[in-house]
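Please look over the sequence and the structure shown here. The paragraphs after them go from single residues to the wider picture.

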Amino acid sequence: MVLLAEHFVRSPQWTLYILFYFFFAGIAGGAYLVGTLLRLSGDARDEPAARVAFYVSFPATVICPILLTADLGVSWWKFWHMMVNVTPGDASLNFKYWSPMSVGVWALLAFGFFVTVSAFDAWMRNRGGGIIPMLVNRGFNVIGAVLALFIASYTGVLLSVSNQPVWSDTWVLGGLFLASGLSGAAALIALLIRNRPDASFSLGRLHQADGYFSVLELALMIVFFITIGAAGVVARELPWLPLWAIAVAGVAGSLVEARGHMRTQVAGGSGTVAGVRLDTVVVSVLVLAGVLALRAAVIFSAQ
Amino acid sequence: MATIKAGESYGFFTDTSICIGCKACEVACKEWNQLQGDSPTFLADSYDNTGSLDAQNWRHVKFIEQVPDQSATAGNGTAWLMMSDVCKHCKHASCMDVCPTGAIIRTEFNTVFIQQDVCNGCRNCIAACPYGVIGMNQETGTAHKCTLCYDRLQGGLEPACAKACPTQSIQFGPLAELQQAADVRLAALHSQGVTQAQLYGRDDKVYGGLNAFFLLMDKPETYGLPNAENAKLPSRNDLGGYVASAVTAVLAVIAGLVAFRRRGMG
């Protein structure tokens, strides 16, 4: 028997600030993970792209608390109440492991530390010497990458841990946002290194990774629609089909580009275009638009 | 009524079978709590123009107008259902569950209260409340809802809405006494053949029990209340959400390692 969900809730009016926070959190977390994986590959030719990845994650992370604070409106100055309970007579640190918003605040703070150190280290390495020995740096990156995975995904869990239609009718949003953020981050890094000879080695590999992440994203999109279909709320997505079309176009662009690069590699990496390939700029912009559109469709369909 | 004592559970029993839709409760609530009310709007879909509970309406008399398109024959009319809706002060409160600041607390009267000086307007409680009770006050930047007249209780006074209700549709008192009164009223209605009458939130099937519970004349969904099957806490999705994220994370890391695996220098 299919249990159709009934909702009698009020919309939290999470709109543009939250949309862009979700976008930048996905890119920040995704870029940090991609940078770490590039570094872990052990190929020195990937190091320039890895540093670009850490550069990308820094501003994307910095903007996150700014957007979250702005979303509080006139109570913006009470942003720190997320971390400190100021109840008279009961002042203490706030941490609720069952509330993704509470966990997310602390995770964002910790991730900010890792991102800042990694970006500064990358900047120093580009000037002759890093601040952390490379072996230690890899361990540091791995710990940061765990936080990155959380930052890129918890926003979807946060939506699900509610009683809103669509959001609470599926368990897939965390994974979907993570796959989408990783795809967007890989596309953005590819966009930024496309004209850099020192990083050109990583371009095809980034597109290949983007393709894998997009396969994951596509699978999770299908699961998303199955779950909300079972809950009887799939009609809420109909007005947002244009946004879903953009998201799917981004996935399709990634897959076409990845397939082209993989065929080129199979052909011996000679540079011969063995499969259909699109321009990196076109693909990256399409993917990033898809990352934003996906989040917009999910956020607005419930409200 | 007896003296109001800290440490005892208090609440509302709202008997919708005797609500006449006068909205005296709405007015009394606004007057005591100094709520300005929303700008007047003509909703055009009901004789009720309050619309819904929000930051300015902590009580809302719902009109459920089951009016047939054709004239009813004698003895075959369809009733208007009226219900004075309010925060349910749930035992397992979804808003408290998710509040990241600790602003939402349980008082010494076992009611659910939003501390205005602690709330920072994140609106997570609004997303979580299954009854659409909580609203955002844009002027204060904080979430607002019924306090069950916390200040009046502290002063030994019953809530303003219950005090003003002319038909005693809204009854205030110790929860145990209200539950007994509800059982008696339900039995009386059933003995009169009003078999559709039912209690909502009297037992623990809905959010562990509601401090503000109701006698309804139709199924809960008709009044915009989730039934027991749909009354779930937001945290039910914690495990599934994180597991899906973790599985995706593992697959993504494997995918990345495959894409970035070491290759020859050629």
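Setting aside residues up to four places away in sequence, Pro130(B) touches Phe8(A), Val9(A), Asn163(A), Ser94(B), Pro226(B) and Ala231(B). The model shown is a predicted one. Pro130(B) sits in the loop of chain B between helix 3 (124-128) and strand 6 (135-137). Is Pro130(B) buried or exposed? A residue counts as buried when 20 or more other C-beta atoms lie within 10 Å of its own. Pro130(B) has 26 other C-beta atoms within 10 Å, so it is buried. Pro130(B) and Asn230(B) are 100 residues apart in sequence, while their C-alpha atoms are 9.2 Å apart in space.

Strand 6 of chain B, at one end of that loop, contains Met136(B). Met136(B) is also counted as buried, because it has 24 C-beta neighbours inside 10 Å. Which residues does Met136(B) touch, not counting residues up to four places away in sequence? They are Gln13(A), Ala55(B), Gly121(B), Arg123(B), Ile126(B) and Ala143(B). Gly241(B) is 105 residues from Met136(B) in sequence, and the two are 27 Å apart in space, C-alpha to C-alpha.

Two further residues of chain B have a backbone angle to note. Lys23(B) is not a glycine, yet it has a positive phi of about 65°. Lys23(B) belongs to the loop between strand 1 (10-15) and helix 1 (24-33) of chain B. Because Lys23(B) has 20 C-beta neighbours inside 10 Å, it counts as buried. Leu148(B), again not a glycine, has a positive phi of about 55°. Its place is the loop between strand 7 (142-144) and helix 4 (150-154) of chain B. Leu148(B) is buried, with 26 other C-beta atoms within 10 Å.

Now take chain B as a whole. Chain B has 7 helices and 10 strands. Its C-alpha atoms fill a box of roughly 90 × 50 × 40 Å along the principal axes. Of the 266 residues in chain B, 46% are buried. Among the contacts in chain B with a separation of 6 or more, 61% are between residues 24 or more positions apart.

The next topic is how the two chains meet. How many residues of chain A are in contact with chain B? There are 60 of them, in contact with 54 residues of chain B. On the side of chain A that touches chain B, at least two residues each come from helix 1 (16-40), helix 3 (100-125), helix 4 (134-160), helix 5 (173-193) and helix 6 (203-230) of chain A. Helix 6 of chain A supplies the largest share of this side, 7 residues. Sorted by class, the side of chain A that touches chain B has 32 nonpolar, 21 polar and 7 charged residues.

Two packed helices are described by the angle between their axes and the distance between the axes. Helix 6 of chain A packs against helix 7 (residues 238-259) of chain B at an angle of about 155°, with the axes 8 Å apart. The two helices are therefore roughly antiparallel, and their crossing is right-handed. On the side of helix 6 of chain A, the contact is made by Arg205(A), Gln208(A), Ala209(A), Tyr212(A), Phe213(A), Leu216(A) and Leu220(A). Helix 7 of chain B meets them with Thr248(B), Leu251(B), Ala252(B), Ala255(B), Gly256(B), Val258(B) and Ala259(B). By class, this contact has 10 nonpolar, 3 polar and 1 charged residues.

Helix 1 and helix 8 (residues 280-302) of chain A pack at an angle of about 135°, with their axes 9 Å apart. These two helices are therefore oblique to each other, and they too cross in a right-handed way. Helix 1 of chain A contributes Ile18(A), Leu19(A), Phe22(A), Phe23(A) and Gly26(A), and helix 8 of chain A contributes Val291(A), Leu292(A), Arg295(A), Ala296(A) and Ile299(A). The residues of this contact divide into 8 nonpolar, 1 polar and 1 charged.

The last topic is the nonpolar core. The largest core has 169 residues, and those with the most contacts inside it are Ala31(A), Val34(A), Ala53(A) and Ile189(A). Helix 1 of chain A gives the most to this core, with 15 residues. Apart from neighbours within four places in sequence, Ile189(A) is in contact with Ala31(A), Val34(A), Ala49(A), Val52(A), Ala53(A), Val56(A) and Leu206(A).

Technical notes:
Residues numbered from 1 in each chain as written. Chains lettered and ligands numbered in written order. Predicted model: local features only at pLDDT ≥ 70, side-chain atom pairs only at ≥ 80, totals over all residues. Contact = placed C-beta atoms within 7 Å. Helix = DSSP H or I, 4+ residues; strand = E, 2+ residues; numbered from the N terminus. Nonpolar A, V, L, I, M, F, W, Y, C, P; charged D, E, K, R; others polar. Axes fitted to C-alpha atoms, helices over the stretch in contact; angles between N-to-C directions. Parallel < 35°, antiparallel > 145°, perpendicular 65-115°, else oblique. Left-handed = near helix turned anticlockwise from the far one by under 90°. Buried ≥ 20, exposed ≤ 12 C-beta atoms within 10 Å, placed from the backbone. Core = buried A, V, L, I, M, F, W, Y, C linked by C-beta atoms within 7 Å.
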